[in-house]
Amino acid sequence: MEKVPRPVIRRLAVYLRCLSNLEEKGVQVVSSKQLASMLQIKDSQVRKDLSYFGNLGQRGSGYDVKKLSQKLREVLGLYKTWSVIILGAGNIGKALANHKRLEQNNFKIVAVFDSDKQKIGRQIAPGLKVRNVAELEQFIKENGADIAVLAVPAAVANELACRLEKAGIKGIVCFAPTTLQCKIPVEYVDITVFFKTLAHTIVNSSYNI
């Protein structure tokens with residue numbers, strides 16, 4: 001299969017969200033034009049994105065919502081439950097630990113770690129007490145984990161990323177404002193990037209006065 005560009009993969013996740021909403025409403029068939037309208041993009045973009053994964057729809061009749069949803073879940077690796085650990089029990093860590101939609105999308109938070117003695121032992125979400133980061137490797141060895149979230153200061157992010165890689169973590173979501181020196185896949189989350197992108201869009205928009 002042709003290598004799929006990252007922007008396409010990111011749009012697939014949004015398509016899946018739209019399809020899930022349609023399923024909840026009992027909609028059985030959706031056209032590329034309808035999907036495009038929901039995302040405010042061109043319908044030709046929708047067809048091009050989905051064409052990477054074969055002939056998923058029928059010309060003139062659109063896409064079967066349930067089948068397309070199942071296919072996108074397969075492509076995105078959501079056919080299994082991914083176990084997730086969080087490093088950092090601050091505001092971001094607590095918010096993610098209590099984010100119900102993560103588990104609804106097959107990402108289960110199994111542990112939260114921190115080095116702050118005042119946070120260790122505290123319950124920050126149902127069934128989740130903050131563990132000492134010194135127990136990190138032992139926990140992964142005994143319980144297994146697929147993905148780690150780094151919600152820690154940049155100064156300690158690289159050291160923790162190396163520990164996670166050696167312990168067998170498969171991928172990292174990094175909220176720290178730094179570039180990690182590890183070989184496993186990393187997704188960086190910087191909220192300021194979205195604000196800057198939006199500012200650019202506003203400045204260059206026809207609605208800007």
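**Group meeting: cysteines, sheet and rings**

Let's start with cysteine 18: at 5% relative accessibility, it counts as buried, because buried means under 20% relative accessible area, exposed over 50% and partly exposed in between, with a 1.4 Å probe and protein chains only. Cysteine 162 is in no disulfide, a disulfide being a pair of cysteine sulfur atoms within 2.5 Å. Its nearest cysteine sulfur belongs to cysteine 182 and is 6.9 Å away. Cysteine 162 has 31% relative accessibility, so it counts as partly exposed. Searching the whole structure gives zero disulfides.

A word on the source. This is a predicted model, where local features need pLDDT of at least 70 and side-chain atom pairs count only at pLDDT 80 or more, while totals for chains, interfaces and linings use all residues. Residues are numbered from 1 along each chain as its sequence is written, and side-chain values use heavy atoms, with hydrogens and water left out.

Now the sheet. Helices (H or I, at least four residues) and strands (E, at least two) are DSSP runs, numbered from the N terminus. Two strands pair if DSSP finds at least two bridges between them. Seven strands form an open sheet with mixed pairing. The order is S5-S6-S4-S3-S7-S8-S9. At the edges are S5 (123-125) and S9 (186-188), each pairing on one side only. On average, neighbouring strands are turned by 30 degrees against each other, direction ignored.

Next, strand S7, residues 147-150. What does S7 pair with in the parallel sense over four bridges? Strand S3 does. Four bridges also join S7 to S8 (residues 171-174), and these two run parallel. Isoleucine 147 has glycine 171 in S8 as its bridge partner. Valine 149 faces valine 173 in S8.

Helix H8 (residues 154-167) packs on this sheet and touches S3 (82-87), S7 and S8. Contact means heavy atoms within 4.5 Å. The direction of H8 makes about 170 degrees with that of S7. Axes here are lines fitted to C-alpha atoms, for helices over the stretch in contact, and angles run from 0 to 180 degrees between N-to-C directions.

Both faces of S7 are covered. Ile147 and Val149 are buried on one side, Ala148 and Leu150 on the other.

At 0% relative accessibility, leucine 164 counts as buried. Leaving aside neighbours within four places in sequence, its contacts include Ile85, Leu87, Ala148, Leu150 and Ile172. Leucine 164 and cysteine 182 are 18 residues apart in sequence and 9.4 Å apart in space, C-alpha to C-alpha.

Last, the rings. Rings of Phe, Tyr and Trp (its six-membered ring) pair if their centres lie within 6.5 Å; planes under 30 degrees apart count as stacked, over 60 as edge-to-face and the rest as tilted. The count comes to two aromatic pairs. Tyrosine 52 and phenylalanine 53 have centres 6.4 Å apart and planes at 55 degrees, so that pair is tilted. Both residues are buried. Phenylalanine 113 and phenylalanine 139 form an edge-to-face pair, 5.6 Å centre to centre, with 75 degrees between the planes. Phenylalanine 113 lies in S4 (residues 107-114) and phenylalanine 139 in helix H7 (residues 136-143), so the pair ties together parts 26 residues apart in sequence. Phenylalanine 113 and phenylalanine 139 are buried as well.
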